[in-house]
Amino acid sequence: MKENILSLSYEELKEKLVILGQPKYRAEQIYYDLHNGKKLADISNIPQSLKENLLQTYSDNNIEIVKVQKSSDGTQKFLYKLEDNNLIEGVLMSYKFGYTLCVSSQVGCRMSCKFCASGLDGLVRNLQAGEIMGQVIVANKYLEGNVKDRKVTNIVLMGSGEPLDNYDNVIKFLELATNKYGLYYAERNISLSTCGIVPNIKKLAESGYKINICLSLHASNNITRKEIMPVAKGYSINELISACRYYFEKTGRRILFEYILIDNVNCSKTNAIELAKLVKGMNCIINLINLNEVKENNLKRCSESTQKIFAETLKGFGINVTTRRSLGNDIDGACGQLRRRFIEKKI
Ligand code: SAH
């Protein structure tokens, strides 16, 4: 498979064009047009021979939205088709301040978290940086936004895949997304959700990009975490919390811990106390999430009263607790569900 033209950073594009004997200003023009949602083939004011030359090496931005599901709460779920016909999902959430787009970083996932539908078939492949960027560009275009008037205001790397398992492409994506000739996102408007690959959290802390981290914790002790998240066999909760503290030290970004409440697994009062002790003294938020029940496993969400006791116990320790607004419940909101249904041809 060819490299997507969107994977080229502005600097790389400029170098490439200089080698091809093109004036430097072309890089600005092409980068701008591509990030504005145009395909290279459709950019009209550059020589045809140049387009042909580039398309011998790179594939055009052929990422397409093939299905949109609209929820009654304004959330929209996209099914994107990639150059090689693989499918990935994206979720667009509408807020007062604009739109947040949830993007995927891999086709499938190899983390095999018990509650998640994305990992059921394992990892198919990593996404290229340009394919992650392409999801944002295509969604912006869908919303009739352009480079100057961005409609997608925030990006969360929280779709299918484990972003820190595709580290280099994710870093390259950050370069693409924050470049001033393109959509020019502020780092504080980009978040990354990870199941906790400790060495790469540290690497990200040192990368120079000050993005927000959401950490999928989902358990208050190692035993439970290992039961539901195989990644926990490699890194203990204490190592994970230290890596988060380090991330905060380096970037000043407050950590958001994600915690899915699963009945009879992780939501007792004892768990809440354990969790409170774990994050004691940290500048963080605990975001409680209702389990989206997936038909492929037998995990169940817990009752409202259990949720309430859990949240109140944490608050009693002075912890910032939020509950994730459950968006898109009527449109296969849980990770990987839309793609699976589509593949199973049930929609
Ligand atoms: N691999 C990354 C990002 C993808 S998952 C990570 O683990 O964070 C994005 C978020 O959705 C994670 O917090 C994940 O734990 C959560 N999630 C996965 N399956 C879910 C389900 N069935 N119900 C609720 N949240 C789920």
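Colleague: In which helix does Asp33 lie?

Modeller: This is a predicted model, in which local features need pLDDT of at least 70 and side-chain atom pairs count only at pLDDT 80 or more, while totals for chains, interfaces and linings use all residues. Residues are numbered from 1 along each chain as its sequence is written, and side-chain values use heavy atoms, with hydrogens and water left out. Helices (H or I, at least four residues) and strands (E, at least two) are DSSP runs, numbered from the N terminus. On that basis Asp33 lies in helix 2.

Colleague: Is Asp33 buried or exposed?

Modeller: Buried means under 20% relative accessible area, exposed over 50%, and partly exposed in between (1.4 Å probe, protein chains only). The relative accessible area of Asp33 is 11%. Asp33 therefore counts as buried.

Colleague: Which residues does Asp33 touch, not counting residues up to four places away in sequence?

Modeller: Contact means heavy atoms within 4.5 Å. Ile43 is 10 residues from Asp33 in sequence, and their C-alpha atoms are 7.2 Å apart. Leaving out residues up to four places away in sequence, Asp33 touches Lys38, Ile43 and Asn45.

Colleague: What is the relative accessible area of His35?

Modeller: His35 is also found in helix 2. Beyond four places in sequence, His35 touches Leu6, Met133, Ile137, Val147, Leu176, Gly182 and Leu183. His35 is buried, and its relative accessible area is 2%.

Colleague: What do the buried residues of helix 1 pack against?

Modeller: Helix 1 (residues 10-19) has Tyr10, Leu13 and Leu17 as its buried residues. Seen down the helix axis they fall within an arc of 65 degrees (taken from the directions from the axis to the C-beta atoms), so they line one face of helix 1. In general, an α-helix has 3.6 residues a turn, so residues three or four places apart point the same way. The buried residues of helix 1 pack against helix 2 (25-35) and helix 3 (48-57).

Colleague: Which exposed residues does the face of helix 1 turned away from its buried side carry?

Modeller: Just after helix 1, Gly21 takes a positive phi of about 75 degrees. Within helix 1, the face turned away from the buried side carries the exposed residues Glu15 and Ile19.

Colleague: What covers the buried residues of helix 6?

Modeller: Val198, Asn200, Ile201, Leu204 and Ala205 are the buried residues of helix 6 (residues 198-205). Their arc down the axis is 165 degrees, so they line one face of the helix. The cover includes helix 5 (167-178), strand 10 (190-194), strand 11 (212-216) and helix 8 (237-251).

Colleague: What is the relative accessibility of Asn85?

Modeller: Asn85 lies in the loop between strand 4 (76-81) and strand 5 (87-95). Its phi is near 70 degrees, a positive value in a residue other than glycine. Most residues other than glycine have a negative phi. Asn85 counts as exposed, with a relative accessibility of 51%.

Colleague: What is the relative accessibility of Glu144?

Modeller: Glu144 is found in the loop between helix 4 (129-142) and strand 9 (152-157). Phi of Glu144 is near 60 degrees, positive in a residue other than glycine. Glu144 counts as exposed, at a relative accessibility of 69%.

Colleague: Which residues does Tyr142 touch, not counting residues up to four places away in sequence?

Modeller: Tyr142 lies in helix 4 and counts as partly exposed at 31% relative accessibility. The C-alpha atoms of Tyr142 and Ile65 are 77 residues apart along the chain and separated by 8.7 Å. Not counting residues up to four places away, Tyr142 touches Ile65, Val68, Lys70, Gln76 and Phe78.

Colleague: What is the radius of gyration of the chain?

Modeller: There are 11 helices and 14 strands in the chain. For 347 residues the globule rule gives 20 Å, and the chain comes close to it, so it is as compact as a globular protein of that length. The rule is 2.2 Å times the number of residues to the power 0.38, and the radius of gyration is taken over C-alpha atoms. For this chain the radius of gyration is 21 Å.

Colleague: What percentage of the residues of the chain count as buried?

Modeller: Residues 24 or more positions apart account for 68% of the contacts with a separation of 6 or more. The C-alpha trace spans about 65 × 45 × 35 Å along its principal axes. Of the 347 residues, the part that counts as buried is 55%.
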